[in-house]
Amino acid sequence: MGREYLILAGAIMLISWLVSSKLKSKFELYSKLQLQNGMSGKEIAEKMLADNGIRDVRVISTPGQLTDHYNPSDKTVNLSEAVYNHRNAAAAAVAAHECGHAVQHAIGYEWLTMRSALVPIVSVASNYVQWILLAGILMIRTFPQLLLVGIVIFAATTLFTIITLPVEYDASNRALAWLENKRMLTQQEQAGAKDALKWAARTYVVAAIGSIATLLYYISIYSGSRRN
């Protein structure tokens with residue numbers, strides 16, 4: 001299965017690159033579509049939080065590009081500088097999406113709760129799992145249990161990527177519904193925000209597929225060693 005996996009891994013890497021490139025081009029395009037309401041990403045985020053009755057979440061600026069995220073531990077919506085300060089359809093989409101996570105947290109959305117519970121495990125596992133898997137493959141004949149340990153750890157990271165899918169799609173749906181219901185954007189701006197979030201979500205789909213394929217590959221190696 002080694003050759004087949006390399007082909008599959010190469011295909012997934014290519015798809016991931018294509019999706020990421022498309023996402024970048026979409027955000028560049030919609031970053032040029034200025035909002036007629038004149039609101040910045042920060043102002044969009046603060047209004048969405050207020051409209052959802054959320055008063056204990058701060059909207060702050062964070063350095064870098066594509067660093068936007070919601071932190072449930074300190075209840076902050078972290079917006080990259082381009083999103084925080086700018087007044088375009090891409091910034092509105094990202095700001096509203098991250099607030100979608102804040103809404104999920106406020107209402108106890110079950111998929112977000114599960115993902116948050118896995119964060120400490122995945123954070124530690126991601127630092128060591130590749131080394132454990134590599135050592136497990138090298139020692140497959142003498143100590144196959146090591147590879148099994150690596151598979152179990154990697155399965156946790158794969159589960160994390162799968163659980164991330166409904167979390168991200170739901171946050172985008174909440175963001176787009178709020179933007180539309182509150183008439184925050186024009187039709188053209190709304191269409192741009194929807195398109196941008198659609199491509200952002202696809203990056204998570206590709207990541208999940210790649211993780212599942214890799215997990216199956218390691219399982220096949222372990223199963224083959226047990227048969228031999």
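Modeller: In this predicted model, the part to examine is the contact in which G41, I44, A45, M48 and L49 of helix 2 meet A91, A92, A95, A96, C99, G100, A102 and V103 of helix 4. By class, the residues of this contact between helix 2 and helix 4 comprise eleven nonpolar and two polar ones, with no charged residue among them; G41 on the side of helix 2 and G100 on the side of helix 4 both take part, and glycine is counted here as polar. Two packed helices are described by the angle between their axes and by the distance between those axes. For helix 2, which covers residues 41-51, and helix 4, which covers residues 89-107, the angle is about 30° and the axes lie 8 Å apart. Because angles under 35 degrees count as roughly parallel, helix 2 is roughly parallel to helix 4, and the crossing of helix 2 and helix 4 is right-handed.

As a point of reference, helix 5 (residues 110-138) and helix 6 (residues 144-181) pack at an angle of about 145°, with their axes 7 Å apart, and the contact of helix 5 with helix 6 has 24 nonpolar, five polar and two charged residues. The crossing of helix 5 and helix 6 is left-handed, whereas that of helix 2 and helix 4, as stated above, is right-handed.

Note on methods: Residues are numbered from 1 along each chain as its sequence is written. This is a predicted model: local features need pLDDT of at least 70, side-chain atom pairs count only at pLDDT 80 or more; totals for chains, interfaces and linings use all residues. Side-chain values use heavy atoms; hydrogens and water are left out. Axes are lines fitted to C-alpha atoms, for helices over the stretch in contact, and angles run from 0 to 180 degrees between N-to-C directions. Helices (H or I, at least four residues) and strands (E, at least two) are DSSP runs, numbered from the N terminus. Angles under 35 degrees count as roughly parallel, over 145 as roughly antiparallel, 65 to 115 as roughly perpendicular and the rest as oblique. A crossing is left-handed if the near helix is turned anticlockwise from the far one by less than a right angle, and right-handed if clockwise. Contact means heavy atoms within 4.5 Å.
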